Amino acid sequence: MGFHVKLGKDRTAAQNRAEKEQRVREGSTHAALVFDGDQCLGWCQFGSAEELPEIKSRRLYEKGLTALPDWRVTCFFTGKGGRRRGVANAALGGALAEIARLGGGTVEGYPEETDDRKVSGSFLHTGPMAAFENHGFTLTRPISPHRWVVTRTVAPA
C-alpha cells in the first residue's frame, strides 16, 4: 500500500491488507504474479502514476521530472527460497507484457543498484537493477545514492 497512499503511524497492517484486497477485487491495482505450479513465488506491482502516486526519494525524483510516465513499476516481492532464481526478472517480464496488452507507453522503474555490495533481498523491494537491464530499460537519472529512475517505452500489443 505504500505506493498507493502515504503510510503513517495511524495505519495498521490489517487496514493496509483490507485496502489492498479491496483494490484487487475492484481491479484498481495491477501485478504480475510468478507461479511454480500452484505456488506463487513472487510478484511485480505496476500501475499508472495516478494509481501509484507515492514513490521513494520523491524530492530528487521531482527535481529531475519532465513528464509523468504512463506506467510505474514500483514493488517486487520474492518469497523465501525463491530469491536469486529469476523470479523478479520473470515478474517484470509479465508486467511488461500486461502493460503492452493494456496499450503500452512509457514505463518507469526505480531499482536499487547494489554496486557489488551485499544487500538483503528484503531491501530490494523496488527491484534489482539487473532485472530492468535484462528488459531493456535505460538509466535516466539517480534519485538516491543507489537508486535510479529507469525508463523504457513499451509498444501496444
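Student: What makes Ser 57 count as buried, partly exposed or exposed?

Tutor: In this predicted model, Ser 57 has a relative accessibility of 26%. Buried means under 20% and exposed means over 50%, with partly exposed in between, so at 26% Ser 57 counts as partly exposed.

Student: Where is Ser 57 found, and what is its phi?

Tutor: Ser 57 is found in the loop between β2 and α2, the latter covering residues 58-63. Its phi is near 60 degrees, a positive value in a residue other than glycine. Most residues other than glycine have a negative phi.

Student: Which strands are called the edge strands of the sheet, and why?

Tutor: The sheet is open, with six strands in the order β1-β2-β3-β4-β6-β5 and mixed pairing. Its edge strands are β1 (30-36) and β5 (138-142), each of which pairs on one side only. From one strand to the next, the twist averages 30 degrees.

Student: Which helix lies across β2, and at what angle does it run?

Tutor: Helix α3 (residues 87-101) lies across β2, running at about 45 degrees to it, and also lies across β1, β3 (71-78), β4 (105-109) and β6 (148-154).

Conventions: Residues numbered from 1 in each chain as written. Predicted model: local features only at pLDDT ≥ 70, side-chain atom pairs only at ≥ 80, totals over all residues. Heavy atoms only, no water. Pairing = 2+ DSSP bridges. Helix = DSSP H or I, 4+ residues; strand = E, 2+ residues; numbered from the N terminus. Axes fitted to C-alpha atoms, helices over the stretch in contact; angles between N-to-C directions. Contact = heavy atoms within 4.5 Å. Buried < 20%, exposed > 50% of the residue type's maximum accessible area, 1.4 Å probe, protein only.
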